[in-house]
Amino acid sequence: MTKLALRGGDPVRDEMLPYGRQSVDAADIEAVAKVLRSDWLTTGPMVDAFEEAVTDYVGADHGVAVSNGTAALHTAMRIAGIGQGDEVIVPTMTFAATANAALYEGARPVFADVQPGDLLIDLDHAQELITPRTKAIVPVDYAGHPCDYEALQSLADDHDLTLIADACHALGATYKGQPVGSLADATCFSFHPVKHITTGEGGMVTTDREEWAENGRRFRHHGMQRDAGIRDEKGAWAYDIPELGQNYRLTDIHCALGTSQLENLDAWITRRRAIASAYDDALTHTPGVDPLDVSQPEGHAYHLYVVRIQEEAFGTDRRAAFHALRAENIGVNVHYEPVHLHDYYQDRLGTKPGQCPHAESAYETLITLPMFPTMSDKDIDDVIRAMEKVHEAQST
Ligand SMILES: *Cc1c(COP(=O)(O)O)cnc(C)c1O
């Protein structure tokens, strides 16, 4: 048997395989170059075009492009009227931005546990957390697997809550044939390079509510409002600022890239599903490597491929497996340490270890394997061989 790279042996591959990576082709570069040669660099025709392309794709009436996914979540909080004294239920197995968006508006994130099988929000726990102050619930389509939107909608209806989807993992996912992006009061996407399509940095809120979209466009541009009434009253230069806003604008340069990227999304998701199925097939042969449960394989967008390392069967724990795989040049990652365990939330909100036991115990076992559409079959094979190598080295 070959020696682990960690112990001085040859790694499974010579170059680090990242866990996620963007794909940019000549058409993308040309689309960006065209904007650079044009009159508009920011807030020009490409913003509208990108909003229209994404909303067409996800089946929503309106899209508000913003500077990143976190800004999309913040914008969604604002247009949903979440503010001081309100509570917002978020799953703890997510990126911190999901919770931070509520904090930016003076609201309190309340952390729900996740289901042990698929790490999606546990709706029984969420229901127990509802108080008269609860205004919204923000499910996360963890790893690209759509949440149970029907059950979420009925929970939201029963308790008069706004449903804001954090779909930063789930562009291109579907729930019972319906695209994610059209299933909540507002849905938030990220176009960071590790996500399904990229604009470098970028994000979008999709919604069917016209007034929310208008408010979102105002919020991303300093809260500024221009209309005929104000111009007639004050002069042609005039605008009003009825509320505090941000500069969350996304440029035409970004939007040209995003619009071009979107052309490839279906093909990329097909490839992501093929990679997932190759992992599924191979990893059943490696003891102690336990992929997440998938109740909706046909709707899964596979932003991430996450496995749980079962220490006894695998021969070592997650921490050691992680370091051994990195040494083999497999760029594994961990998504996520539950948000409520970070110092800021413990100090500021009084969260504690033990309050979300499923997420906390899952966290100790999680490893994210490389997954991006331009991975070659050889790359996939390297990952599988590295998992086997680490298992065999530990168990003999
Ligand atoms: C990526 C991500 C975000 C934030 O998106 P940015 O574009 O990085 O600001 C928020 N929530 C989740 C679940 C994410 O994966």
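## Close-up views of a predicted model

**Figure 1. The whole chain at a glance.** The protein chain holds 15 helices and 12 strands. Its radius of gyration is 22 Å, close to the 21 Å that the globule rule gives for 396 residues, so the chain is as compact as a globular protein of that length. Along its principal axes, the C-alpha atoms fill a box of roughly 80 × 55 × 40 Å. Please keep in mind that this is a predicted model.

**Figure 2. Seven strands build an open sheet with mixed pairing.** To walk across the sheet, follow the order S1-S9-S8-S5-S4-S2-S3. At the edges you will find strand S1 (62–66) and strand S3 (108–112), each of which pairs on one side only. From one strand to the next, the twist averages 25 degrees. Helix H6 (residues 149–159) packs on this sheet, where it touches strand S4 (134–137) and strand S5 (162–166). The direction of H6 makes about 145 degrees with that of S5.

**Figure 3. Strands S8 and S9 run antiparallel.** Here we zoom in on one pair from the seven-stranded sheet. Strand S8 (residues 186–190) is joined to strand S9 (residues 203–207) by four bridges. Which residue in S9 is the bridge partner of phenylalanine 189? Look for methionine 204.

**Figure 4. Helix H3 packs against helix H7.** Helix H3 covers residues 69–79 and helix H7 covers residues 210–219. Their axes are 9 Å apart, and the packing angle is about 125 degrees. H3 and H7 are therefore oblique to each other. Their crossing is right-handed. On the H3 side, the meeting residues are His74, Thr75, Arg78 and Ile79, while H7 brings Trp212, Asn215, Gly216 and Phe219. Sorted by class, the residues of this contact are three nonpolar, four polar and one charged.

**Figure 5. Helix H3 also packs against helix H4.** The partner in this view is helix H4 (residues 97–104), and the two axes lie 8 Å apart at an angle of about 45 degrees. That angle makes H3 oblique to H4. The crossing of H3 and H4 is right-handed. H3 contributes Thr70, Leu73, His74 and Met77 to the contact, and H4 contributes Ala97, Thr98, Ala101, Ala102 and Tyr104. How many nonpolar, polar and charged residues does the contact of H3 with H4 have? There are six nonpolar, three polar and no charged residues. While you are here, find His74 of H3: this residue takes part in the contact with H4, and it also belongs to the H3 residues that meet H7.

**Figure 6. Helices H2 and H9 pack at an angle of about 30 degrees.** Helix H2 (residues 45–58) and helix H9 (residues 252–262) have axes 8 Å apart. Are they roughly parallel or oblique? Angles under 35 degrees count as roughly parallel, and that makes H2 roughly parallel to H9. H2 passes H9 in a left-handed crossing. From H2, the contact takes Pro45, Met46, Val47, Ala49, Phe50, Ala53, Val54 and Tyr57. From H9 come Asp252, Cys255, Ala256, Gly258, Thr259 and Leu262. By class, this contact of H2 with H9 has 11 nonpolar, two polar and one charged residues.

**Figure 7. Three strands form an open, antiparallel sheet.** Their order is S10-S11-S12. The edge strands, S10 (289–291) and S12 (366–369), each pair on one side only. The twist of this sheet averages 40 degrees from one strand to the next. Three bridges connect S10 with strand S11 (residues 305–309). Look across this pair and you will see aspartate 290 standing opposite arginine 308 in S11. Helix H10 (residues 265–283) lies across S10, S11 and S12, running at about 20 degrees to S11. Helix H12 (residues 318–327) packs on the sheet too, touching S11 and S12, with its direction at about 25 degrees to that of S12.

Figure 8. Now turn to threonine 43, which has a positive phi of about 40 degrees although it is not a glycine.

Note on methods. Residues are numbered from 1 along each chain as its sequence is written. This is a predicted model: local features need pLDDT of at least 70, side-chain atom pairs count only at pLDDT 80 or more; totals for chains, interfaces and linings use all residues. Side-chain values use heavy atoms; hydrogens and water are left out. Axes are lines fitted to C-alpha atoms, for helices over the stretch in contact, and angles run from 0 to 180 degrees between N-to-C directions. Helices (H or I, at least four residues) and strands (E, at least two) are DSSP runs, numbered from the N terminus. Angles under 35 degrees count as roughly parallel, over 145 as roughly antiparallel, 65 to 115 as roughly perpendicular and the rest as oblique. A crossing is left-handed if the near helix is turned anticlockwise from the far one by less than a right angle, and right-handed if clockwise. Contact means heavy atoms within 4.5 Å. Ala, Val, Leu, Ile, Met, Phe, Trp, Tyr, Cys and Pro count as nonpolar, Asp, Glu, Lys and Arg as charged, and the others, Gly among them, as polar. Two strands pair if DSSP finds at least two bridges between them. The radius of gyration is taken over C-alpha atoms; the globule rule is 2.2 Å times the number of residues to the power 0.38.
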